[in-house]
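Let's walk through this fold together, one element at a time.

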Amino acid sequence: MPQTSSSPSPDGDASRSGLTPAPRLTLARGDHPETDLEVKRSHFLARAARTDTEEEARAFIASVRSAHADARHHCSAFTVPVDGALPVERSSDDGEPSGTAGQPILEVLRGSSLTATTVVVTRYFGGTLLGTGGLVRAYSAAASEALAAARQVRIVSRDVWDVRVPVADAGRLDAELRGLAGGAGAGIDVEEAIWGATHAVLLVTTGDADDAALLAQAVAELTQGGTAPEPAGSRLVELPA
């Protein structure tokens, strides 16, 4: 597949701009509805997908190409994060005049602030030439429609805490903390209760330092200082955008 890259690195591998240690705004996995934009009888079928690696991006492009094997062009762009480095961005005009398809799709991706995302626009030629300006507008509009149709998510880091209490007190503490999570402490979430013979451990996550302080205060008050949340690492979670 012909590849073009904007702002190539010295070795010509991929364009890179801005550090992206982990995705923050991206698409929900498995959700890539197809949109159909008609311009002067040409049909621009567009799909967007969550792709966390370059291999996933290329596999998605190949799957769209296979699904529409009779189409003339399958133009694409993707951006994928790299831990501790710059994101990889690539685009392809796939036979369209240089700069009229892949680069406009990539610019739409950049403007959306999405990462770990691939967009493919398949064109069925309608018999009327659109010119370079017309192609840029059509591919840009098709990419925008694909991203608007796909469900977006935010990926955030949450701290995990273990709250260990006697079994006799666990049910009440669980209920109180779950009630807190739906109120002022919206950044507090009781994910699981693990019950043992004498003690139970509540797995609780918090969003920021204020949430963690509120959790510590609540646990101290509810147990009369008998226990405190113990740090148990962190995890990435997906939330609706």
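**A proline in a loop, and what surrounds it**

P229 lies in the loop that links helix 5 (209-222) to strand 10 (230-240). Helices here are DSSP runs of H or I with at least four residues, strands are E runs of at least two, and both are numbered from the N terminus. Before going further, please note that this is a predicted model, in which local features need pLDDT of at least 70, side-chain atom pairs count only at pLDDT 80 or more, and totals for chains, interfaces and linings use all residues. Residues are numbered from 1 along each chain as its sequence is written, and side-chain values use heavy atoms, with hydrogens and water left out.

Is P229 buried or exposed? P229 is buried, at a relative accessible area of 13%; buried means under 20%, exposed over 50%, and partly exposed in between, with a 1.4 Å probe and protein chains only. Leaving aside residues up to four places away in sequence, P229 touches W161, D162, V163, L215, A216 and V219, where contact means heavy atoms within 4.5 Å. One of these, L215, is 14 residues from P229 in sequence, with 7.7 Å between their C-alpha atoms.

That leads us to helix 5. Its 14 residues reach 20 Å from the first C-alpha to the last, close to the 20 Å expected at 1.5 Å a residue; the expected span is 1.5 Å times one less than the number of residues. The buried residues of helix 5 are D211, A212, L215, A218, V219 and L222. Seen down the helix 5 axis, these buried residues fall within an arc of 130°, so they line one face; the arc is that of the directions from the helix axis to the C-beta atoms. An α-helix has 3.6 residues a turn, so residues three or four places apart point the same way. On the other side of helix 5, A209, D210 and E221 are exposed. Just after helix 5, Q224 takes a positive phi of about 50°.

Strand 6 is joined to strand 3 by eight bridges, with V119 as the partner of A48. Seven bridges join strand 6 to strand 4, and here T122 is the partner of H74. Seven of the eight residues of strand 6 are buried, so it is largely enclosed by the rest of the structure. Strand 2 and strand 3 pair over five bridges, including the one between T35 and A46.

S140 is in helix 3 and counts as buried at 18% relative accessibility. Not counting residues up to four places away in sequence, S140 touches P104 and V108.

Key
Two strands pair if DSSP finds at least two bridges between them.
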